[in-house]
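Trainee: I've got a model open and I'd like to learn how to read it. Can you walk me through it?

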Amino acid sequence: LPFHYPPALYAEKAQGNVTLRLYIDKDGVVVNDSTRVVESSMIPALDSAALKGAPDLRFVPAKLHGVSMSVSILFPVYFRHPQAPPLAGDTLLKTISPPATAPLSR
């Protein structure tokens, strides 16, 4: 996934969930400047990291009667540190989603 933990927050083991509203065009591409935070993590840098990564997402186009179409979806982004205690409700996350990756550069 294109979401990268902000290095300072990763070092602090900060965690949070961000829910984005994405508008996806008929080719499966996120429409430029359309993404919005619907549910904040309450940590502005995590929200920003989610927004920054969203344009790099690619989807299989939605179809109606075999014709590709644009759609709007809610997309959750989970920032988890492997050494931090689980957040409330995280037992479900273990089965449905890998954590956001650690920063590539330190």
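This is a predicted model: local features need pLDDT of at least 70, side-chain atom pairs count only at pLDDT 80 or more; totals for chains, interfaces and linings use all residues.

Trainee: What about the inside? Which residues of the largest nonpolar core touch the most other members?

Mentor: That core has 18 residues, and Leu 20, Leu 22, Val 77 and Phe 79 are the ones touching the most other members. At least two core residues come from each of α1 (7-12), β1 (16-24), α2 (44-53) and β5 (71-79). The top contributor is β1, with four.

Trainee: What does Leu 22 touch, leaving out residues up to four places away in sequence?

Mentor: Its partners include Val 30, Ala 54, Leu 57, Phe 59, Ile 73 and Phe 75.

Trainee: And how do I read aromatic rings?

Mentor: You describe a ring pair by the distance of the centres and the angle of the planes. Take Tyr 5 and Tyr 10: their centres are 5.1 Å apart with 70 degrees between the planes, an edge-to-face pair. The count comes to four aromatic pairs, and ring pairs also link Phe 3, Phe 59 and Phe 75 into a cluster.

Trainee: Why does Tyr 5 count as buried?

Mentor: Because its relative accessibility is 1%, and buried means under 20%. Tyr 10 is buried too, at 13%.

Technical notes. Residues are numbered from 1 along each chain as its sequence is written. Side-chain values use heavy atoms; hydrogens and water are left out. A nonpolar core is a set of buried Ala, Val, Leu, Ile, Met, Phe, Trp, Tyr and Cys residues joined through side-chain atoms within 4.5 Å. Buried means under 20% relative accessible area, exposed over 50%, partly exposed in between (1.4 Å probe, protein chains only). Contact means heavy atoms within 4.5 Å. Rings of Phe, Tyr and Trp (its six-membered ring) pair if their centres lie within 6.5 Å; planes under 30 degrees apart count as stacked, over 60 as edge-to-face and the rest as tilted.
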